[in-house]
Amino acid sequence: MELMEGKKTSCKKLLTFMLFSFIFSFCLCVSFRQFKTSKPEHNSSHPFAKIAPAENTSTPPKSKHELTILLWTWPFGKRFNFRSCSELYSTPDCQFTVNRSWYHKANAVIVHHRDASRNTKGLAQATRIPSQRWIWFNLESPSHSPNLGAMDNLFNLTMSYRRDSDIFSPYGELQLLGQPQPFSIPPKAKLVAWVVSNWQANSHRVKYYQELKQHIAVDVYGQHHQALARDQLLTIMAQYKFYLAFENSQHEDYITEKVWRNALSAGTVPVVLGPPRENYERFLPPDAFIHIDDFASARDLARYLQELSEDAKRYERYFQWRQWLKPVAASGWDTHLCRACQFLQTMGARYQVVPKLSEWFV
Ligand SMILES: *[C@@H]1O[C@H](CO)[C@@H](O)[C@H](O)[C@H]1NC(C)=O
Ligand SMILES: *[C@@H]1O[C@H](CO)[C@@H](O)[C@H](O)[C@H]1NC(C)=O
């Protein structure tokens, strides 16, 4: 009897234990899954309203199923050939088209801002397909992006040079080299160059140049100045010690081909006028460029450039980072579009609207 009782209680204990362990492991499992699926909270200053997965219809397509992407207009009305994105990324190709008969079949529509800004009515009136994503695409600065207000509440994703775009499309990037490689500085016979086509007498950059040239010789190329064939740009700029990479307007992350292509790809040292130094340092090593804000005046900058040009050792320090890093300028519209193709295939299913585009893109 006693033995039986004992057996019964130990049986009870065992059952209770099993029940508890079951509940415990169940809880653990649930919380672990929650932990795995929970995403980092979005910065509250971020302008995009993001709502957790509401629909599962937009999971990445299966292999054979290429995404169709409609380009609403050719950027600036200029045609180009689409490229095969699978050569750039380890994701399948996308089917690009500018033929709007494909609108209803398109998984995404890419709208280039400048062209769309002229006729926003057509956009606002288009019938929306719930799973289709509209991508706002712009590489110009806010100062040169008219009619931004008309873009509010229309788009699901942004693609621009801003680092906080959904699809970040910078003017250039650094490639980390697997092995340190010596960089040979191109032979330099000339001092300072600037290429400018959009000459605005009252702009910050033209005023700064007017001041600078009082103290140091600057060769100016471009419209209204010395002619320069596009295919000559890199070889000519390579002969200069410094290149004035002066942006047409100052905005966060607005660091253009003036730095990446005209200066860095050519193998010269950019003297930058644009966003603050800290912003440049998010893209480039601190000793890859000279910032005009580092000097109290254009005269001080001129003196510094003169000194550097006469001191080979100090000048070479502006190239040391190149042992490890290679600047790569963005190569064209076709390549930018592939970023969207890749992004769409790897993004998770999520519903997203850009409500106040005009407040964010400033
Ligand atoms: C656009 O696509 C439709 C449907 O495939 C086709 O009939 C039409 O010819 C295309 N238009 C152009 C300009 O290619
Ligand atoms: C895309 O944005 C439009 C317009 O704001 C909205 O109606 C639609 O539901 C959004 N779609 C997705 C997949 O986020």
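Author: Start with Arg128. An N or O atom in the Arg128 side chain is 3.4 Å from an oxygen atom of ligand 2. Keep in mind that this is a predicted model. Asn156 also reaches an oxygen atom of ligand 2, with a polar side-chain atom at 2.3 Å. Pro130 uses its backbone instead: an N or O atom there lies 3.4 Å from a nitrogen atom of ligand 2. How much of ligand 2 does the protein cover? On its own, ligand 2 has 360 Å² of accessible area, and the protein covers 82% of that.

Now the shell. There are 8 residues around ligand 2. The closest are Pro130, Asn153, Asn156, Tyr351 and Gln352. By class, the shell holds 3 nonpolar, 3 polar and 2 charged residues.

Ligand 1 has its own surroundings. Asn99, Ser101 and Trp102 are the residues around it. The Asn99 side chain places an N or O atom 2.2 Å from an oxygen atom of ligand 1. Of the 360 Å² of accessible area that ligand 1 has on its own, the protein covers 25%.

Next, the sheets. One is open and has 6 strands, in the order S3-S2-S4-S5-S6-S7. Its pairing is parallel. Strand S3 (94-97) and strand S7 (167-168) are the edge strands, and each pairs on one side only. Look at the S7 end. Strand S6 (residues 157-160) runs parallel to S7, and 2 bridges join them. Ser160 stands opposite Phe168 in S7. Helix H10 (residues 333-346) packs on this sheet. H10 touches strand S2 (67-71), S3, strand S4 (108-112), strand S5 (133-138), S6 and S7. The direction of H10 makes about 145 degrees with that of S5.

The other sheet is open too. Its 5 strands follow the order S10-S9-S11-S12-S13, with parallel pairing. Why does one side of S10 and of S13 lack a neighbour in the sheet? Strand S10 (218-221) and strand S13 (290-291) stand at the edges, each with a single partner strand, so one side of each has no neighbour there. Further in, strand S9 (residues 190-195) and strand S11 (residues 240-246) run parallel, joined by 3 bridges. Val192 stands opposite Phe242 in S11.

Two helices pack on this sheet. Helix H4 (residues 204-212) touches S9, S10, S11 and strand S12 (269-273). The direction of H4 makes about 145 degrees with that of S11. Helix H6 (residues 257-265) touches S9, S11 and S12. For H6, the angle with the direction of S11 is about 175 degrees.

Technical notes
Residues numbered from 1 in each chain as written. Chains lettered and ligands numbered in written order. Predicted model: local features only at pLDDT ≥ 70, side-chain atom pairs only at ≥ 80, totals over all residues. Heavy atoms only, no water. Near = heavy atom within 4 Å. Polar contact = N/O pair within 3.5 Å; in protein donor to acceptor, adjacent residues only side chain to side chain. Areas by Shrake-Rupley, 256 points an atom, 1.4 Å probe, with all protein chains shown as cover. Nonpolar A, V, L, I, M, F, W, Y, C, P; charged D, E, K, R; others polar. Pairing = 2+ DSSP bridges. Helix = DSSP H or I, 4+ residues; strand = E, 2+ residues; numbered from the N terminus. Contact = heavy atoms within 4.5 Å. Axes fitted to C-alpha atoms, helices over the stretch in contact; angles between N-to-C directions.
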